[in-house]
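Student: I would like to go through this structure and ask what stands behind each label. Let us take the terms one at a time.

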Amino acid sequence: MLRTIIITVSLVAATALWAHSGVKDPQVKARMDGMDVLAEQTKILGQMAKGATEFDAAKVQSALAVMADEADQVQALFEPKADDPKSEALPTIWTEWDKFAMHADDLVAAIAVADGSSAAALGQTLRGIGGACGACHKDYRQKN
Ligand code: HEC
């Protein structure tokens, strides 16, 4: 029984490692995972804002709370100058750290003023949040 559990757990861990198709550096993987959490929550909120899923104020608040937590981690996740062949992070992040950090602060600020009281308010909020994501990506994420 215990053996089965251990095998299952290591399989799950291995699957998680493959999720970013071949990313080997653990620090790069951690920052990508953080970005994926942001994207996931943004998607949940976006669906509600456009009425594709039912508006649920409690779900909005919990998604925003997860995003606020994750946004707080961005600087710490990127501080180590880690690299990986799969990374899309531009090296200027570490030569222009203050500017990068400012983009991270902008995201924190956009989430802090989020208004999730209605689908319409949420749509407006997402424009602000999306703007903060896009501004940083424009400067510091390699375009494919
Ligand atoms: C302070 C800068 C910054 C902000 C703000 C930011 N990102 Fe990113 N994001 C990056 C960088 C840099 C990468 C590339 C990381 C890498 O490949 O090593 C990235 C990568 C990603 C990825 C790809 C992750 C992967 O699995 O490869 C997604 C998805 C993403 N960001 C979504 C978001 C969303 C959604 C937001 C806003 C809610 C956001 N990001 C805000 C800098 C930022």
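**Labels and the values behind them**

Student: What kind of model is this, and where does A135 sit?

Tutor: The model is predicted. A135 belongs to helix 6.

Student: Why is A135 called partly exposed?

Tutor: Its relative accessible area is 28%. Buried means under 20%, and exposed means over 50%. The value for A135 falls in between, so A135 counts as partly exposed.

Student: What makes M35 and H137 ligands of the iron atom?

Tutor: Distance does. Donors are N, O and S atoms within 2.8 Å of the metal. SD of M35 and NE2 of H137 coordinate the iron atom of the ligand at 2.1 to 2.3 Å. Those distances meet the cut-off, so both atoms count as donors.

Student: Which parts of the chain does this pair tie together?

Tutor: M35 lies in helix 2, residues 26–49, and H137 in helix 6, residues 119–140. The pair therefore links parts that are 102 residues apart in sequence.

Student: Why is the arrangement around the iron atom called octahedral?

Tutor: There are 6 donor atoms, and they subtend angles of 86 to 179 degrees. Six donors count as octahedral if opposite donors are over 155 degrees apart and all others lie between 65 and 115. The arrangement is octahedral because of these angles. For six octahedral donors the ideal angles are 90 or 180 degrees.

Student: Are the two coordinating residues, M35 and H137, buried or partly exposed?

Tutor: M35 has a relative accessible area of 28%, so M35 is partly exposed. H137 has a value of 28% and is partly exposed too.

Student: What surrounds the largest pocket?

Tutor: Its lining has 25 residues. M35, F78, E88, H137 and R141 lie nearest the centre. Helix 2, helix 3 (57–78), helix 5 (97–112) and helix 6 each give two or more residues to the lining. Helix 2 gives the most, with 7 residues. The pocket holds about 560 Å³ of space.

Student: What makes T125 buried?

Tutor: T125, in helix 6, has a relative accessible area of 10%. The limit for buried is under 20%, so T125 is buried. Leaving aside neighbours within four places in sequence, T125 is in contact with A114 and D115.

Student: How do you know that S118 and E40 are partly exposed?

Tutor: Same test. S118, in the loop between helix 5 and helix 6, is at 28%. E40, in helix 2, is at 48%. Exposed needs over 50% and buried under 20%, so S118 and E40 are partly exposed.

Student: Which residues lie across from them in space?

Tutor: For S118, take F55: 63 residues apart in sequence, 7.5 Å apart C-alpha to C-alpha. For E40, take M67: 27 residues along the chain, with C-alpha atoms separated by 9.4 Å.

Student: What does the chain as a whole look like in secondary structure and burial?

Tutor: It has 6 helices and 0 strands. Buried residues make up 30% of the 144 residues. Among contacts between residues at least 6 apart in sequence, 70% join residues at least 24 apart. The accessible surface is about 8900 Å², and 61% of that belongs to carbon and sulfur atoms.

Conventions
Residues are numbered from 1 along each chain as its sequence is written. This is a predicted model: local features need pLDDT of at least 70, side-chain atom pairs count only at pLDDT 80 or more; totals for chains, interfaces and linings use all residues. Side-chain values use heavy atoms; hydrogens and water are left out. Donors are N, O and S atoms within 2.8 Å of the metal (3.2 Å for Na, K and Ca); water is not among the atoms, so sites may look incomplete. Four donors count as tetrahedral if all angles lie between 85 and 135 degrees; four count as square planar and six as octahedral if opposite donors are over 155 degrees apart and all others between 65 and 115; anything else is irregular. Helices (H or I, at least four residues) and strands (E, at least two) are DSSP runs, numbered from the N terminus. Buried means under 20% relative accessible area, exposed over 50%, partly exposed in between (1.4 Å probe, protein chains only). Contact means heavy atoms within 4.5 Å. Accessible areas come from the Shrake-Rupley method with a 1.4 Å probe; for residues, only the protein chains shown count as cover. On a 1 Å grid over the protein atoms alone, a cavity is a set of points where a 1.4 Å probe fits but cannot get out, and a pocket is an open set with protein on both sides within 12 Å along at least five of seven lines; lining residues have an atom within 4 Å of a point. Grid points are joined across faces, edges and corners, and a volume is the space filled by probe spheres set on the points.
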